Amino acid sequence: MRPEFKRRRFGRRKVCPFCADKTLYIDYKTPSMLKRFITERGRIVPRRISGVCAAHQRDLQEAVKRARMVALMPFSMSGID
Amino acid sequence: MILARSYETIIIAKPDFEAESIAKLQDRLLKAIGDVGGVDLKLVDWGRRKLAYPIDGHRKGNYFYWGFIAAPAALAEVHRHLKISSDVIRFQTVALTESVPLESFDVTKEKERVEALTPDPQDDEEIARRDRRDRRRRRDDEDGDFGDEGMMMDEEDEG
């Protein structure tokens, strides 16, 4: 008998926070908002984890990189930094 | 007809910058866009902020936000002055609009937009945590005697 290879789907579909809340504006000048979308090491969270849609992830990526250039956000964070 | 764009520039000055030289720099920047073609919208002082990482050995920097409209040649002149200034440790310009005739800008509207911007509040908790850690590390460096520390920890365990 063939084992079943059906992939198990988890929970509910994540909704892009920027599509859900139109007032939420992606801006490199607001690191307090962008902070939600980086790991504690400072890396950008992949959208498969955060649920951000492709278009907004592109904006987000740009914003985080700009924020990094003006030292509003870190490039990397280590435990001892 | 001059084609121009609306720009915003973040300027990070040394934390111990001299007010005089920044004022001079500001004059030069205004002259640059005034001569070649452009409009000054507003320069906002965001004050001293902790940098996310040290730049040229500085852990803090004084942030300025400058909104302006400029022709390409004027922007080049602005960047030239920023590069020369020894009080500026970093700057970044972002273009906000496409290239359109300078006359077609609604200056009052642009000004209002810049006025409405407020600097992002600093994460006080995070900064306090970093300060504490820095202080602790300095203290450890000064009297970094492992024997003492070990004894203190033992005492705590007993209590």
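Author: Two residues are in contact if their C-beta atoms, placed from the backbone, lie within 7 Å. This is a predicted model, where local features need pLDDT of at least 70 and side-chain atom pairs count only at pLDDT 80 or more, while totals for chains, interfaces and linings use all residues. Residues are numbered from 1 along each chain as its sequence is written, and chains are lettered from A, ligands numbered from 1, in the order written.

Let's zoom in on Leu34(A), which sits in helix 2 of chain A, residues 31–34 (helices are DSSP runs of H or I, at least four residues; strands are E, at least two; both numbered from the N terminus). Leu34(A) is buried because 22 other C-beta atoms lie within 10 Å (the cut-off is 20 or more, with C-beta atoms placed from the backbone). So who's around? Skipping neighbours within four places in sequence, Leu34(A) is in contact with Ala63(A), Val64(A), Ala67(A) and Met73(A). Leu60(A) is 26 residues away from Leu34(A) along the chain, yet their C-alpha atoms are separated by 7.7 Å.

Take the contacts in chain A between residues at least 6 apart in sequence: 67% of them join residues at least 24 apart.

And there's a partner chain: twelve residues of chain A and 13 of chain B make up the contact. On chain B's side, strand 1 (3–13), strand 2 (38–55) and strand 4 (88–95) each supply at least two residues, with strand 2 of chain B giving the largest share, four residues.

Key
Buried ≥ 20, exposed ≤ 12 C-beta atoms within 10 Å, placed from the backbone.
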